[in-house]
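Dear colleague,

The findings follow directly after it.

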Amino acid sequence: MAQMDLTSYVDTLRAELSAAAEAAGEDARAVAERLTASLDAAARLVLLEALSAAADEITRELAPGSVDVRLRGRDPSFVVTPPPTEQSFGDPRPAPAAPADADDGGTARINLRLPESLKLRAEQAAGQEGLSVNAWLVRAVAAVLESDDPGGHARRRSAPGGQRYTGWVR
């Protein structure tokens with residue numbers, strides 16, 4: 001995880017605003033000084049939005065891998081999840097390829113509501129595989145949709161620890 005310090009970017013913006021105000025006279029300089037007091041939070045927010053948009057662009061190119069932007073304190077960090085190289089749960093088959101129509105370059109955002117216990121289990125499973133929850137869910141949905149069962153029902157044989165996983169996708 002790489003952390004990025006936004007302070008130098010915000011300081012550069014503050015210095016540029018001050019330099020522009022100096023050229024416009026005393027009144028402009030006074031206004032610029034008042035504006036720079038609130039500049040830090042606004043500039044950080046705009047930079048975070050730009051970084052999030054960039055991460056989305058990279059994720060579209062990297063799919064089914066992903067790039068996530070996480071906020072730690074006042075600075076963002078990046079988590080890069082490469083495309084999976086093997087199927088989860090010890091399955092020796094290769095991971096499913098992205099569907100042919102997924103190469104259109106676009107991604108869609110959905111809201112998924114899960115019971116808290118299921119969310120925690122998904123987070124644990126993703127963490128064990130070194131994936132973001134989003135990348136893990138994308139891979140799970142792709143595996144189910146590409147299964148041999150046309151009804152979309154996926155059933156795994158015993159996973160490590162003797163557990164069984166079942167699920168439906170429509």
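Apart from neighbours within four places in sequence, Leu51 is in contact with Met4, Leu6, Val69, Pro76 and Phe78. Please note that the model is a predicted one. Leu51 belongs to helix α2, which covers residues 26-62, and counts as buried because its relative accessibility is 18%, where the limit for buried is under 20%. Leu51 and Pro76 are 25 residues apart along the chain, and their C-alpha atoms are separated by 8.6 Å.

Helix α2 deserves a description of its own. From its first C-alpha to its last, this helix of 37 residues reaches 51 Å, close to the 54 Å expected at 1.5 Å a residue. A bend of about 50° is found at Leu39. Leu39 is also among the buried residues of α2, which include Ala32, Ala43, Leu48 and Ala55. The elements covering the buried residues of α2 include α1 (7-24), β2 (66-72) and β3 (75-81).

The search for salt bridges returned ten in the whole structure. Arg29 takes part in a salt bridge with Glu26, with the closest N and O atoms 2.3 Å apart, and in another with Glu33, where the corresponding separation is 2.2 Å. Both pairs lie within α2: Glu26 and Arg29 are three residues apart, while Arg29 and Glu33 are four residues apart. Arg29, at 23% relative accessibility, counts as partly exposed, as does Glu33 at 47%.

A further salt bridge joins Arg44 and Asp40, at 3.2 Å from N to O. Arg44 and Asp40 are separated by about one helical turn because they are four residues apart in helix α2. Both partners count as buried: Arg44 has a relative accessibility of 7%, and Asp40 one of 18%. Elsewhere, salt bridges with shared partners link Glu22, Glu26, Arg29 and Glu33 into one network.

The largest nonpolar core consists of six residues, namely Ala122, Ala125, Ala126, Leu131, Ala135 and Trp136. Two or more of its residues come from each of α3 (116-128) and α4 (133-145), and α3 gives the largest share, three residues.

Finally, a word on confidence. The protein has a mean pLDDT of 75, with 72% of its residues at 70 or more. Confidence is highest in α3, at 89, and lowest in strand β4 (residues 153-155), at a mean of 51. Over residues 154-160 the pLDDT is below 50, and this stretch has 19 contacts in the model beyond near neighbours in sequence.

With kind regards

Key. Residues are numbered from 1 along each chain as its sequence is written. This is a predicted model: local features need pLDDT of at least 70, side-chain atom pairs count only at pLDDT 80 or more; totals for chains, interfaces and linings use all residues. Side-chain values use heavy atoms; hydrogens and water are left out. A nonpolar core is a set of buried Ala, Val, Leu, Ile, Met, Phe, Trp, Tyr and Cys residues joined through side-chain atoms within 4.5 Å. Buried means under 20% relative accessible area, exposed over 50%, partly exposed in between (1.4 Å probe, protein chains only). pLDDT is the predictor's confidence in each residue, from 0 to 100. Contact means heavy atoms within 4.5 Å. The expected span of a helix is 1.5 Å times one less than its number of residues. The bend at a residue is the angle between axes fitted to the seven residues ending there and the seven starting there. A salt bridge is a side-chain nitrogen of Lys or Arg within 4 Å of a carboxyl oxygen of Asp or Glu.
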